[in-house]
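Student: I have a structure to go through, and I would like to know what stands behind each label. Could you take me through it term by term?

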Amino acid sequence: MFLRSIASRLSLWVLAGSVSVLAVAGGVLFYRVSHQILEQAHGEATALASEAGNRIEQRLARVADTTQTLAAVIAPRPDDAEEMLRHALERNADLSGLAAAFVPMAGNPSVSPFLSREEDGSLNSRDLRKDDSPYWEKNWFLAGLSCSQGCWQRHFYSQSRKRELINYSVAISRGGHPVGLINADVSLDWLSRILQELAKPQGAYAFVLDDSGRYLVHDNPALIGQRAHADLLQVASQHEASRIRLAVAQNPQAKGRPVWIYFTPIEGTRWRFGLVMPEAAIYAGARQAFVRVLALGLLASLALAVITLAVTRRILAPLGTLTSHAEQVARGALSFELPPARFPDEVGRLTQAFDRMRTELALHIAELTRNAREQQRLASELDIAHQIQTALLPGEHYLDAHCENFELHALLRPARAVGGDLYSYFMLNERRFCVMVGDVSDKGIPAALFMARTITLAKALAPRARTPQHLLSMLNTELCRNNDSCMFVSLLCGILDTFTGELVMASAGHEPPVLCDGDGARLIELDTGAALGLDEEASYPSRALRLQPDQTLLLYTDGITEATDTRQAMFGPERMLACLESASPGTAADLASGLLAAVDRFAEGAGQADDITVLALSWHHALDDGNAPMLDLTIKASMDDVFETLDRCDASLHAQGVAPDVRDDVRLVLEELMVNMVEHGRTLERGNTIDLHMRLGDDAVLVELHHNGHPFDPLQAPLPPLTGDLADQEEVGGLGIHLVRAMASELSYSHDEQGNHLQLRFLHPARTESSS
Amino acid sequence: MTLTLSTQSESPERTTVHVHGRLDAQTFGEFDLAMLDLLPRVADGGTMVLDLSALEYISSAGLRSIAKIRKSMRARVGHTLLLNPQPQVRKVFEIVKAVPVNEVFANAQELDAYLDHMQRQITGDGIEAD
């Protein structure tokens, strides 16, 4: 919580930074200064050691002087020795005992006096001659005799006086020969006292090494008599003053820390005085000073941090207000009071900018809201457009209700709300079923409008079209009209004979259809004309195909084959065929939705780029219901055949229970038409043929006539002059056609390269039972 | 046989032909031939009665044959009267307005009455002319 404020973080960083600078600078300084400190400490300690050495020297020199004087004085008057010894002992408190020992020989006194100072200060005297063991045979005496100039003997422990002593011996010479010696005793306690009385720095201690390298005296009594460290001895062997650093002190009092030892020789002896300074003590002062400076620095840094905190807080205070206002802005509230900008600094500029931003934001939001409303309106319009476009398409599924001969399933999915793909299907009459799939160039609203135009025109023109190629031509002419935007539509159109499965197709630049059955799936290659809307003169070749039971014809748009995946690879006809092959045989719905699902899987993640349409038309060939054709005949165009056919028709209708008047109507119409064909329609040498298909609907008799003769449209024939009496005219013509037109409930005519096609319908409201 | 004819000549002035079956493109030739044979035997100014009671069916070819008979009779100042056409035939006649309504009779009595009336008119005319 605390660290979320910039001021706190800044002051913390200031604190941390200054402390680390302080520590580094102090460390460097300490490192640089420590060398000098050490040099200085060496100088001081060496001087101190020399001074201490000198003082010990002086005290020892007095002992030596006294002894030498006594030796000189006693030599001529050996009998007064005791008196002089007593006198000297009383005057020199440093001495603990004096002895005048003479070689037992003629001319020497018979007593060898020895005076010693007792604990209470009184002087005790005895004669060495009377000792049990003769002193003249002892080492100290024999060694002392050779010291005419005086010398310090080895220290020893006096059994009689219970303390460590050192002797200074000077030989008494008479006539150039030593006749005895003066021996002065100095106790080591005395020497220790001298050491302790020395002015030593805190923590330092001193010692004296004898000539054999053992501690003669030491501030730590435990070490007295022990042998000194080897390094120490090596350095100590030099004559002048010297120093050594021991990484680990020998003295347990130094607790194993490093120490510096300063040596100085004691003149007149072969002893060496040593002063021991712990290294810690040398640096102690500097370290203490450093710690103090550091503490002071820390305090200063702390104060700096507090000041930084206060100043930053004060400067950034408006920023906090701005922050809370910005949160308000995020929630959508734009009207609030901003703190006044106190200085034209960054914060002041920010405040002004924030104010401007708020104003601009309000404007933008208003603009956005307007845009959003506009978008919403557009979206809802598109939605409605989508619904309208969907309404233009017939239902997805179509099952031939009359005879269940075929089944159709269509799927259309626009890439956007509306699209340019289209499909349509409708019955042209009782028998012929028209189906089409198309794809308008481009996408979106223009394509959708063009699609609407196309599908509406197709529906309007289809009843007048005799064949798919005719329908395409008519559509093309209509679509070329005023097509300044050069939109075009590719269209595949088929007309299916729902009785026979005969399918005639024509393509205007559209993808070839796929035929699926038990043998697999294959493309039906067909010649195509130009896409609709481009070339007014375009013509469209047709292709006929007879669907076999359980075959499915698949029409689609390029949204299938040109679907791309994330690696820009196209779905392609091969994948489509493979997919259909694996799904075949299946129902129309299975094939169509299976293919669409495969395309979706393929293009997953890439998004749909183009409108997709799939239309599957399955041929079942279920001819077994009541609407089956009663008659399917192909006859020679001759009178005999015509009348035989008329009889068969009559008989069939009779068998189906069609009322006699309707039967007569049918007969009359068929006779008129067929006789006409026989008499006027001949084109071929070997004779023409007439196809007749008749079947019975629920409320009508349906007849189709096809004749491969001269074109003749009975609907266009002129009305004969009906004066009320046929006998009035010279030649009576056109009566038959007039009768046909009057009798047939519906009549349609078409003509193509295969000839004339007539479709007739006769109503028979109440079909009587065939029992009559 | 889809068409049969039987002729009954009550008098030189009046000949009745009973038509049975269908008169269509197949049979009209036969009918025409038969009539060609029969017509000269009818006296000028006589009456040809076509009894259509048994005619089941007629097509435009039959209409043309009947028109031919009527023309031929008219040329000889005769009359052609149609008796009792069946519904299909009457319907066809009505559609093409084949014959004047007053020359079609539903039964023999109507026809006889008409013929008597005609006879008196002719006689009367003769008296006036003399």
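Student: Which strands of chain A does helix α1 of chain A lie across?

Tutor: Helix α1 (residues 6-74) of chain A lies across β8 (205-209), β10, β11 and β12 of chain A, running at about 145° to β12(A). Axes here are lines fitted to C-alpha atoms, for helices over the stretch in contact, and angles run from 0 to 180 degrees between N-to-C directions. Helices (H or I, at least four residues) and strands (E, at least two) are DSSP runs, numbered from the N terminus. Please keep in mind that this is a predicted model, in which local features need pLDDT of at least 70, side-chain atom pairs count only at pLDDT 80 or more, and totals for chains, interfaces and linings use all residues. Residues are numbered from 1 along each chain as its sequence is written, while chains are lettered from A and ligands numbered from 1 in the order in which they are written.

Student: What makes β9 and β10 of chain A edge strands?

Tutor: The open sheet has 5 strands in the order β9-β8-β12-β11-β10 (chain A), with antiparallel pairing. β9 (215-218) and β10 (242-246) each have a single partner strand, so one side of each is left without a neighbour in the sheet. From one strand to the next, the twist averages 25°.

Student: How do you know that β8(A) pairs with β12(A)?

Tutor: Strands pair if DSSP finds at least two bridges between them. β8(A) and β12(A) have 5 bridges in the antiparallel sense, with Ala206(A) opposite Leu275(A). β8(A) and β9(A) also pair, over 3 bridges, and Phe207(A) stands opposite His218(A) there. These two strands form a hairpin with 5 residues between them, where Gly213(A) in the turn has a positive phi of about 90°. Strands β11(A) and β12(A) qualify as well, with 7 bridges.

Student: Why is β8(A) called mostly covered?

Tutor: A residue is buried if 20 or more other C-beta atoms lie within 10 Å of its own (exposed if 12 or fewer, partly exposed in between; C-beta atoms are placed from the backbone). In β8(A), 5 of its 5 residues are buried. In a regular strand the side chains alternate between the two faces of the sheet. Here Tyr205(A), Phe207(A) and Leu209(A) are buried on one side, and Ala206(A) and Val208(A) on the other.

Student: Why are α6(A) and α7(A) called roughly parallel?

Tutor: Their axes come within 10 Å and cross at roughly 15°. Angles under 35 degrees count as roughly parallel (over 145 as roughly antiparallel, 65 to 115 as roughly perpendicular, the rest as oblique), and therefore α6(A) is roughly parallel to α7(A). Residues making the contact include Leu319(A) and Leu322(A) of α6(A) and Phe354(A) and Leu361(A) of α7(A).

Technical notes: Two residues are in contact if their C-beta atoms, placed from the backbone, lie within 7 Å.
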